[in-house]
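Here is a briefing on one protein model. Look over the sequence and the structure, then read the points below.

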Amino acid sequence: MATVRYFVTDVDKAVAFYSKQLEFTVQQQFGPNMAILRRGDLTLWLAGPNASASRAMPDGRKPEPGGWNRFVIEVGDLAATVAKFKAAGVRFRNEIVTGPGGQQILAEDPFGNVVELFQPA
């Protein structure tokens, strides 16, 4: 089992995205500060602006959403999943890419955090 923490600016909006679009189930939510969701063996911690993990570091840097690190969700039909997501207004960073291991595309949650959707070859 793996746990990933993503920083978001609106926990309720993030919970809606991950539960409706990616079929995560909400395990716990601590108001606007933090939520814990689960999908299979993946636990996702969503940290809002007032979560303890969002506090500035000693050098002044502040954790924020976005970047290129991501977790991968395998899907059975990537084209159908992308069509469903596009109809729901989900943003993508690229188009479907095909490689020797399969096909992939990078979706963004409402805060710019990346989720890779992958269909094995």
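Which residues of H2 are buried? They are Leu 78, Thr 81, Val 82 and Phe 85. Keep in mind that the model is predicted.

**Helix H2**
- H2 spans residues 78-87.
- Down the axis of H2, the buried residues fall within an arc of 100 degrees, so they line one face of the helix.
- These buried residues pack against S8, S9 and strand S6 (91-92).
- At the start of H2, Asp 77 places a side-chain oxygen within 3.4 Å of the backbone nitrogen of Ala 79.
- Just after H2 comes Gly 89, with a positive phi of about 85 degrees.

**Helix H1**
- H1 covers residues 11-20, and its buried residues include Val 11, Ala 14, Val 15, Phe 17 and Tyr 18.
- Those residues cover an arc of only 165 degrees around the axis, which puts them on the same side of H1.
- A side-chain oxygen of Asp 10 comes within 3.1 Å of the backbone nitrogen of Asp 12, at the start of H1.

**The four-stranded sheet**
- Four strands make an open sheet, ordered S1-S4-S3-S2, with mixed pairing.
- S1 (2-7) and S2 are the edge strands; each has a single partner strand, so one side of each has no neighbour in the sheet.
- From one strand to the next, the twist averages 20 degrees.
- In general, strands of a sheet pair through backbone hydrogen bonds, in parallel or antiparallel fashion.
- S2 (residues 25-30) and S3 (residues 34-39) run antiparallel and are joined by five bridges.
- Phe 30 sits opposite Met 34 of S3.
- Three residues lie between the strands in the S2 and S3 hairpin, where Gly 31 has a positive phi near 55 degrees.
- S3 also pairs with S4 (residues 42-47), again in the antiparallel sense, over six bridges.
- Leu 37 has Leu 44 in S4 as its bridge partner.

**Nonpolar cores**
- Nonpolar side chains tend to be buried together in soluble globular proteins.
- Here the largest nonpolar core has 27 residues.
- Tyr 18, Leu 22, Phe 24, Leu 46, Phe 71 and Leu 117 have the most contacts inside this core.
- At least two residues of the core come from each of H1, S3, S4, S5 (70-74), H2, S8 (102-108) and S9 (114-120).
- H1 gives the largest share, five residues.
- Leu 22 touches Phe 17, Arg 39, Ile 73, Phe 85, Val 115 and Leu 117, leaving aside residues up to four places away in sequence.
- A second, separate core has five residues, among them Phe 7, Ile 36, Ala 47 and Ala 51.

**The loop between H1 and S2**
- Gln 21 lies in this loop, between H1 and S2.
- Is Gln 21 buried or exposed? Its relative accessibility is 17%, so Gln 21 counts as buried; the cut-off for buried is under 20%.
- Gln 21 touches Ala 16, Lys 84, Phe 85, Ala 88 and Val 90, leaving aside residues up to four places away in sequence.
- Glu 23 is also found in the loop between H1 and S2.
- Glu 23 has 53% relative accessibility, so Glu 23 counts as exposed; that label needs over 50%.
- Glu 23 is not a glycine, although its phi is positive, at about 60 degrees.

Note on methods: Residues are numbered from 1 along each chain as its sequence is written. This is a predicted model: local features need pLDDT of at least 70, side-chain atom pairs count only at pLDDT 80 or more; totals for chains, interfaces and linings use all residues. Side-chain values use heavy atoms; hydrogens and water are left out. Two strands pair if DSSP finds at least two bridges between them. Buried means under 20% relative accessible area, exposed over 50%, partly exposed in between (1.4 Å probe, protein chains only). The arc is that of the directions from the helix axis to the C-beta atoms. A polar contact is a pair of N or O atoms within 3.5 Å; within protein, one must be able to donate a hydrogen and the other to accept it, and residues adjacent in sequence count only if both atoms are side-chain atoms. Axes are lines fitted to C-alpha atoms, for helices over the stretch in contact, and angles run from 0 to 180 degrees between N-to-C directions. A nonpolar core is a set of buried Ala, Val, Leu, Ile, Met, Phe, Trp, Tyr and Cys residues joined through side-chain atoms within 4.5 Å. Contact means heavy atoms within 4.5 Å.
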